[in-house]
Amino acid sequence: MTDSATFLPAEQARLRIDDLARFCVDLPATGTAYESRIRTVLLDLLGVTLAGARTPELTSLLTRWRAEPGTTATVGRGAHTGVETAAYLDAIASCCLELDEGNKYAAGHPAAHVLPAAVAAARLSAQAVPGDRFVAAVVAGYEVATRFGAALTRDPKWHTHGHWGATGAAAAAAVVWDLDAERTAAAIDASTALVHVAPWAVVLAGNFARNLWIGGAVRAGLDAARLSSAGLVHNSGAAATTLGDIVGTLDADRLAPAPDGTFALDQGYAKRHASCSYTHAAVDIVQALRTNLDTADIASVRVRTHALAEPLFGRHPSTRLGAMFSLPFVVSAAVVAGSIDVETLTPGSATFRAAEEFSARVDVESSPALTALLPDRRAAEVDIVLVSGETVSAGSPDPVGDVDHFPLDHAQILEKIERLVGAEDAGRIDRVVTDVLHSSDVVRTLTALP
């Protein structure tokens, strides 16, 4: 690692991006250090993508997208189109249910930014891409994206999708296309010049445009790798301005890979609830406390959580996306429905209406004490006040599924995907993921996806 303590921000960013690029190029194509974890990440994300592709929103979008004709199928085979359009549409599907894997240190979703780019890069490759190179590309891209997410302190107006994740997409494409360290660094840096404006206000309004931001980051990563391959960009440390001055502030020293050899991939979380992860710890607590209670027994609910969740304190959503990002609504849905799944937050449904009615009895606030635990803990505390006057309370240090709090193993992820898409299709995805790890041609192997 190069000492950059005396350098200006752009030069400091350039040096750290060089370090990341060398990590990507030197990453072993095979290794037991990440093979088990990559299997669960791929199973989770591909399964969630299939579930997303089957929602009414994606069905409507795919029939009206006017995609260019082609032979590449999206996950779920809702469209046959060109490689990049398929990657774009798959990225949209992957995040539309808010069930995609995430990383608390990145404060976002590295895998959803990286995997579609790695798949597209493999499909665009002039030679067959073996499974070991593909896996290395996903691991490298995940590492790069997570490091940028962790190094970036966003302006509160910005959502997490569509900007820092493009760096991981670029890194994944660079590894698939076997670029050297200099070209990989150039691709990573150039991707930060192609970022999306991603305001929280759009998300909180329930505007579906938000779900396209990850697709834009995938395209940005691929285009940045192309620019680098053509020798048209170099690592200038642009990230210090494009992310550091515009999206927030960038602590370039935090871009360096972990000195103890820990992979960011091992720090991710899996989601059990179809809502923003900032709601999950509170939902877990409500589900535990209400086990022997009827909704009629509950007078009110009080939630204390961390400051990251403050944008989610709004009420009265009118769309699925808006509901997934309203903490009072999601907690209310957990009270009246017991689970937060695809059907629970469907606008117009009986549970949606019941959750909206009950949500007037849910109070939420941020706690400085819980905020101080970030990023290692995403804690919440809940008080349920009963009509009898009694109060039952509990707290949780993290959502269930977090790497530090009952992480989900392969069997649990498979069970989750079975609930979403059925046992037959979940089994097909699981077999494809297993085959990908040792495939001689990843593109051919992926054609077996449902």
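**Note on cavities, core and confidence**

1. In this predicted model, the second largest cavity is lined by Y269, A270, S277, H280, R378, P399, V400, G401 and D402. The volume of this second largest cavity is about 60 Å³, and its lining divides by class into four nonpolar, three polar and two charged residues.

2. Turning to the packing, the largest nonpolar core is made up of 145 residues, and within it F134, F148 and V301 have the most contacts. The element that gives the most to this core is helix α6, spanning residues 131–151, with a contribution of twelve residues. In soluble globular proteins, nonpolar side chains tend to be buried together.

3. One of the core residues with the most contacts, F134, can be followed individually: once neighbours within four places in sequence are set aside, F134 is in contact with L115, A118, V119, V129, V436 and V442.

4. As to confidence, the protein chain has an average pLDDT of 94, with 97% of the residues scoring at least 70. Residues 1–5, however, have a pLDDT below 50, although in the model this stretch makes eleven contacts beyond near neighbours in sequence. Where pLDDT is low, the predicted coordinates should not be read in detail, and I would ask that this caution be kept in mind when those contacts of residues 1–5 are viewed.

Notes: Residues numbered from 1 in each chain as written. Predicted model: local features only at pLDDT ≥ 70, side-chain atom pairs only at ≥ 80, totals over all residues. Heavy atoms only, no water. Core = buried A, V, L, I, M, F, W, Y, C linked by side-chain atoms within 4.5 Å. Buried < 20%, exposed > 50% of the residue type's maximum accessible area, 1.4 Å probe, protein only. Helix = DSSP H or I, 4+ residues; strand = E, 2+ residues; numbered from the N terminus. Contact = heavy atoms within 4.5 Å. pLDDT = per-residue confidence, 0-100. 1 Å grid on protein atoms, 1.4 Å probe; cavity = no way out; pocket = protein on both sides within 12 Å on 5 of 7 lines; lining within 4 Å. Points joined across faces, edges and corners; volume = space filled by probe spheres on them. Nonpolar A, V, L, I, M, F, W, Y, C, P; charged D, E, K, R; others polar.
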